[in-house]
Amino acid sequence: MFGSLIGNICGIGYFILYQLMGVLLAGVLFKKEKNMTAVFLGSVIGSFSLQWLPVLYAFFLNFSFAAHIAALITLMFLCAVSIWRGGKEILASRIADARKGSLFANIKNILTDNPVLFLLIPLFIFVVIVLNHHTISYLDGAMHSGQSTYGDMNMHLGFITSIAKQQTFPPDYSILPGTKLAYPFLSDSISSSLYLFGTSLRTAYLLPMFAALLQVFFGMYLFARQILKSLGNSYRAKAFIAFILFFFNGGFGFFYFLPDGENTDNFTRIFSAFYETPTNYVTENIQWHNIICDMLIPQRATLFGWAVLFPVLYLLLRGRETSQNTLTLKDNIYFSISGILAGGLVLIHTHSFLSLGILCAGFLLQDLYSAYQKKHSDKTLPLWVRLLLTVVFLAVMSFIRQKQCSPDAFTPDTILVFGLVIVAAFLCTLIYLLVTCVSKQTLLTWGVFLCVVLILALPQLIGFTFQQAQGEQFVRGSFNWANSTEIGDGYFMFYMKNLGIMFLLPVAALVCGTKKQRPVMFPAAFLWVICEFILFQPNPYDNNKLLLVAYLFLCIAAADFVWETIPKLFSSSRKKISRSVTVSAVLILASLSAVLTMGREYVSDYEVYSKTYVALAEWAEDNTSPDDIFLTATNHNNAIASLTGRNIMCGSSSFLYYHGVDYAQAEADVAQIYQNPAARDTLLAEYGIDYIVIGPNEQGSYNIPDLQAWMAQSDVVYSQNDIIVFQIN
């Protein structure tokens, strides 16, 4: 759990080696990219390789040292081949470019070309500080977390430790032994690799996350900048605005926390109450949670998924641009590499894979439609038609929302049909354009990308995802995402409260924006509308993992609209002042709720594992076998499951239910063993229990009628601080 000096050196060194070799490969592969961009893409390739190469060998060698050494040798071989195949000259040219000018001059040029770094770097430092504090920080023998990490971190720690300690592959749920882990576990196995080499659990957990954070920040910025560069001047400033709008997302939730006269408690509770923030206040239907505090810090799958997704979007954008003159497969490196990264997304973050698939369908339709327009007249809908269509759309959505709040609401199956009709209409349009406008260029770009993705993704989908994502709690109809029918907010009001100014700006850009702004939002709009009718997982809230990807495109279009379009409403003499006022007002309104939420996250602190259970975990790690099964309470912050890598008979339903696994019988049998002496021996044998834990969590959850007699006739192997452990012989 705490690692060793040698173990930390080996684990950290192993991680750094992958990063360096990834940078080397990217430097050779992406000849047209600047050094800074190549380093960023190399970091992504390095992390991706560490997630996938050991796992590929683990199917034959288990998740062992041998698999990791073989993976490292494979990556070294790929680097050697890339250098031998002409990479030496490319790298020499890059080194020569980097040496031009003084270090100070180079740094100045980078900052001038990327002013977002003045915000990106402090934001990264802030998140690092919060993550460091929130990740099982050790205090007086107990372990603490923050508000956002109090829940999901326990699950991820369990995945990390069990994969590293048990080394069986494919892995099982350590909180439901015998059930294959179909959750996208590569976001955790990357830390398992470091933990396997002997790093501390904190280091193994945090180090890959720090790299992934930089990959998410830079990936989002590069993608936004590339789009905005194609829209016109001042793309650096507009990318800066888009960066703030995306990562500092929040609506008008701050309104509910304004001081009420002399009563300042209404405001200060932001920093003291549990999950009562301007971006997460379910009581008032505020559900558009802040990306930093509720996505990137606690949700590793989202973090590592976006660390691949955003670079893939950037590569696809570059590929679409360069393919205008690219007609040979050899030159089309952007689509090939992005296909490999996209194909590996399934077991990193399935939601990112799904959102990318929908977005790519939108990109392909746009490219085909552009080819269609070259053969036909290029018509643009007039302003009044765009306004009418927008009003009709909002009216229809408002009607459906009102219907869903009434006694005769549409059934989930009917809502699902609505969503499928939208998907079918889109696919029919796409197929028509494919038949009429497909070209050799399309086949060598999108065709190559699709083939690579399918070859890599189908085995994952069939072997893992589809086996888990079955039953009625997965793909089903539900309208308006997480809008509570109990509160009864209308469609318009829900998004005004949750998205605030960022609900109005994309709508305004759709109606009044330029011909270049509207296409930016098209793939996002398609993804958003689908998510309004179809849920893809048991938890409706998790549709935001798709919506937030669409939101990225809305932020980019809104940034251009605020900078370019709104100032044109004023006279040329006042355009500069109006732009400054507009941008300032938008950023304040858009980010105020987020800033307050970040403040709350910074000061939050909760004990996640008590001193007594940490001591138990240390004993278990030193005195039991990694494949032993413990009987414990099913609390979510289970020290045995999270810290030791050992199996427990059944874990928390808050994890298992939303993963779609059948845990009900095991959960009921846990209670039977503790509470029903007559059924105890049979069930202990059936589940192969090796150790029974009885401590404050267990006695608080179950009424054990014969505790003293049970202790007297059992083999007590641990008894400290109100916790006893029986060994089953």
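Ala, Val, Leu, Ile, Met, Phe, Trp, Tyr, Cys and Pro count here as nonpolar, Asp, Glu, Lys and Arg as charged, and the others, Gly among them, as polar. The model is predicted, with local features needing pLDDT of at least 70 and side-chain atom pairs pLDDT 80 or more, while totals for chains, interfaces and linings use all residues. Residues are numbered from 1 along each chain as its sequence is written, and side-chain values use heavy atoms, leaving out hydrogens and water.

**Stop 1: the cavity.** Select Asn-154, Ile-175, His-636, Ala-641 and Phe-655, which lie nearest the centre of the largest cavity, out of 15 lining residues. A cavity is a set of points, on a 1 Å grid over the protein atoms alone, where a 1.4 Å probe fits but cannot get out; lining residues have an atom within 4 Å of a point. This one holds about 90 Å³ of space, a volume being the space filled by probe spheres set on the points, which are joined across faces, edges and corners. Its lining has six nonpolar, nine polar and no charged residues.

Next, select α6 (152–166), which gives the most to this lining, with four residues. Helices are DSSP runs (H or I, at least four residues), numbered from the N terminus.

Key
On a 1 Å grid over the protein atoms alone, a cavity is a set of points where a 1.4 Å probe fits but cannot get out, and a pocket is an open set with protein on both sides within 12 Å along at least five of seven lines; lining residues have an atom within 4 Å of a point. Helices (H or I, at least four residues) and strands (E, at least two) are DSSP runs, numbered from the N terminus.
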